[in-house]
Amino acid sequence: MYQYSEQDHQLLLERVSQFRGQVDRRLKGELSEEEFKHQRLRNGLYLQLHAYMLRVAIPYGLLSSEQMRTLAHIARKYDKGYGHFSTRQNIQYNWPKLEDVPDILDDLAKVEMHAIQTSGNCIRNTTSDPLAGVARDEIEDPRPYCELIRQWSTFHPEFNFLPRKFKIAVSGATHDRAAVAVHDIGLRLVKSDSSEETGFEVYVGGGLGRTPMLGKVIRAFLPKQDMLTYLEAILRVYNMLGRRDNIYKARIKILVHETGEEKFRELVEAEWEKIKAGGLFLRDEDFNWVKGFFNDPAYEAIPDNDVDFENLMLNNAEFARWVDKNIELHKQSGYRIVYLSLKTAHQPPGDVTADQMDAIADLADKYSLGHIRTTHRQNLVLSDVQLKDLPALWEELKALDLATPNYNHVTDIISCPGLDYCALATARSIPISQAITARFDDYDFINDLGDVSINISGCINACGHHHVANIGILGVNKKGTEVYQLTLGGSAREDAAIGKIIGPAFEADEIVDAVGKVLAVYLESREEPEETFLMTYRRLGQAPFKERLYG
Amino acid sequence: MALQVYTASLLKEGLVAYLALENGQPSWTSDIHQATVSEEDTLDALKQAAEQSEQENIIVAPYAIDVLKTEDGIVAATKREQIRAEGPTIELPQDNLRESRQAA
């Protein structure tokens, strides 16, 4: 992973020192809340429903074990002993005191972490495929490109006050595990039609929130050397023309929609012509330098089978279930990718305690070359585990309650913090996710349902990504009562789609039954077990689901 | 007329607080039951005290909320404010809580 230079360290220490001074002045009353608010937001500090909330950046979801231990230390020393992994691969602390935040940032800086640009109208943390560098379907490792984007966008003076926040995702594989189509800019590494050269398919104007839209492909193939100049051109057009008069129309998706895809493309290309040969043009030495941080580790040459593993698969159904659901093949023979499920009956989706974090760091050192990935579905990944180590790792994960066999299945629910924490939320989402998890906790049922996603948001801002779930749940406040709207048919993958609202909302005590009815229609209607929920929905449309729910 | 109390976030901690006035002296408490209740049209004293506390950098962003008087004391009128008063409606993650559940 990327290692900070002396300059990087210096920059971060100066930033922490600046913020310490700002906090001090605020506490002494030398800065008003209105003046201070802009400073704290630039350092990831919100004031939420119950307390301050600090969002810490995890660049493209990549963590070292040392960083994870620091996150545990912060949870334990400054918070209530836990943290929450978000849908943007970051971590949030829900209870820090203002006076402690400079010390937290100091501790983060020691392990090359920070909270810069995790809030505010600037370019946020670039997200990526949690399987980057190890996936079998990878065309090229996206992490070097993410790092170049991180360095370009951090403290970029021209883009520090954009019309609205700006999110970029990069994927390098055939299967989209980074939801590129619902980002302000999505980059997909693809092969050129005419050569073996890789470049980017460029999506612009995707997003969720109150006006969900899929990104438009404004360039089918962008040479890699032009990545930063082209991003700069897009951002310049957005910065010049994006609406600042109406917060609800300020995202780039609205600009692309109102300008028209073709016209927007022309504007970007015209801007690009002016700057494409400039200093941001990427040279071979730039790529060689950054790729040096992401070289493959020294994998051992080992066979892709193991007698003890195979015996346990045959003799222990619980282990076999975990392997079936939470393990993926690795590009390297004898290695596997392991999903750590943060979706249990005991904790809110994405939440991890300090002891769990420390234990995960130890497991990463012991079994997975000292690295951990975070996923946009709010789980964790150990990316480099030897096949022979899976039985021992499973035992240790079970003891930590991190081995629920449900990855990409019905109880692997994405949930925003909702009205239990969030000042913007209008309804609770965590209790609904817990009620669904409790109802559908039977493994055979989960297994029979197969690949299906449920996402829950506690307000129209859609931080729980409900628009792109196969089954989406949106909590709203209707005359003082929390009610829940169902959307069906969404997808965040390569077949991205925005789900459609099925009908009137359900009350809190009705929504789990409603989900149960939707799942029952699917099980009764699918033509074969391999037909997924989404395939069935796309074949049948809304009618049978609507009939069962409201008929 | 609706009954109201003043609420805000404490500047240092960010925690939820309610205004209590005793002999004209303001203090901020985390317990909504200790808050001074006023009718909507007689809120001026509470409003002035809250604004004073804001200027003195004790609290951030004060505002009045509707409350109800019940047998159990003062209850916020909306779900949002009830959650602010009582805390999250879910059990917070705790290492010992998870272990005790697993043991059970």
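## Basis and overall form

Helices (H or I, at least four residues) and strands (E, at least two) are taken here as DSSP runs, numbered from the N terminus. By that count, chain A contains 18 helices and 21 strands. The structure is a predicted model, in which local features need pLDDT of at least 70 and side-chain atom pairs count only at pLDDT 80 or more, while totals for chains, interfaces and linings use all residues. Residues are numbered from 1 along each chain as its sequence is written, and chains are lettered from A and ligands numbered from 1 in the order in which they are written.

The C-alpha trace of chain A spans about 60 × 60 × 60 Å along its principal axes. Of the 551 residues in chain A, 52% are buried. A residue is buried if 20 or more other C-beta atoms lie within 10 Å of its own, exposed if 12 or fewer, and partly exposed in between, with C-beta atoms placed from the backbone. Two residues are in contact if their C-beta atoms, placed from the backbone, lie within 7 Å. Among contacts in chain A between residues at least 6 apart in sequence, 67% join residues at least 24 apart.

## Domains

Chain A is divided into domain 1 (6-110), domain 2 (134-293), domain 3 (307-399) and domain 4 (414-550), with bounds that come from an automatic or database domain assignment. The centres of domain 1 and domain 3 of chain A, taken over C-alpha atoms, are separated by 29 Å.

Between these two domains, 21 residues of domain 1 of chain A are in contact with 20 residues of domain 3 of chain A. On the domain 1 side, β3, α3 (65-78) and β4 (82-85) of chain A are the elements that give two or more residues, and α3(A) gives the most, with seven residues. By class, this side has nine nonpolar, nine polar and three charged residues. Ala, Val, Leu, Ile, Met, Phe, Trp, Tyr, Cys and Pro count as nonpolar, Asp, Glu, Lys and Arg as charged, and the others, Gly among them, as polar.

## The five-stranded sheet

An open sheet of five strands in chain A has the order β3-β14-β15-β12-β11, with antiparallel pairing; two strands pair if DSSP finds at least two bridges between them. β3 (62-64) and β11 (327-329) of chain A are the edge strands, each pairing on one side only. On average, neighbouring strands of this sheet are turned by 30 degrees against each other, direction ignored.

Within the sheet, β12 (residues 335-340) and β15 (residues 380-386) of chain A pair in the antiparallel sense over five bridges, and V338(A) has L382(A) in β15(A) as its bridge partner. Helix α13 (residues 390-399) of chain A lies across β11, β12 and β15 of chain A and runs at about 10 degrees to β12(A). Axes are lines fitted to C-alpha atoms, for helices over the stretch in contact, and angles run from 0 to 180 degrees between N-to-C directions.

Strand β9 (residues 198-204) of chain A is mostly covered, with five of its seven residues buried. β9(A) pairs in the antiparallel sense with β8 (residues 185-191) of chain A over seven bridges, and a hairpin joins β8(A) to β9(A) through six residues. In this pair, R188(A) stands opposite E201(A).

β9(A) also pairs in the antiparallel sense with β10 (residues 216-223) of chain A, over five bridges. There F200(A) stands opposite L222(A).

## Individual residues

G475(A) is found in strand β18 (residues 471-478) of chain A and is buried, with 28 other C-beta atoms within 10 Å. G475(A) and S429(A) are 46 residues apart in sequence but 6.9 Å apart in space, C-alpha to C-alpha. Beyond its neighbours within four places in sequence, the contacts of G475(A) include G418(A), S429(A), C459(A) and Y484(A).

Y60(A), in the loop between β2 (52-56) and β3 of chain A, has a positive phi of about 40 degrees although it is not a glycine. Y60(A) counts as buried, with 27 C-beta neighbours inside 10 Å. L369(A), in the loop between α12 and β14 (371-374) of chain A, has a positive phi near 55 degrees and is likewise a residue other than glycine. With 17 C-beta neighbours inside 10 Å, L369(A) counts as partly exposed.

## Contact with chain B

The contact takes 31 residues from chain A and 26 residues from chain B. On the chain A side, β13 (351-353), α12 (354-367) and α14 (430-439) each supply at least two residues. The largest share, three residues, comes from α14(A). By class, the side of chain A that touches chain B has 13 nonpolar, eight polar and ten charged residues.
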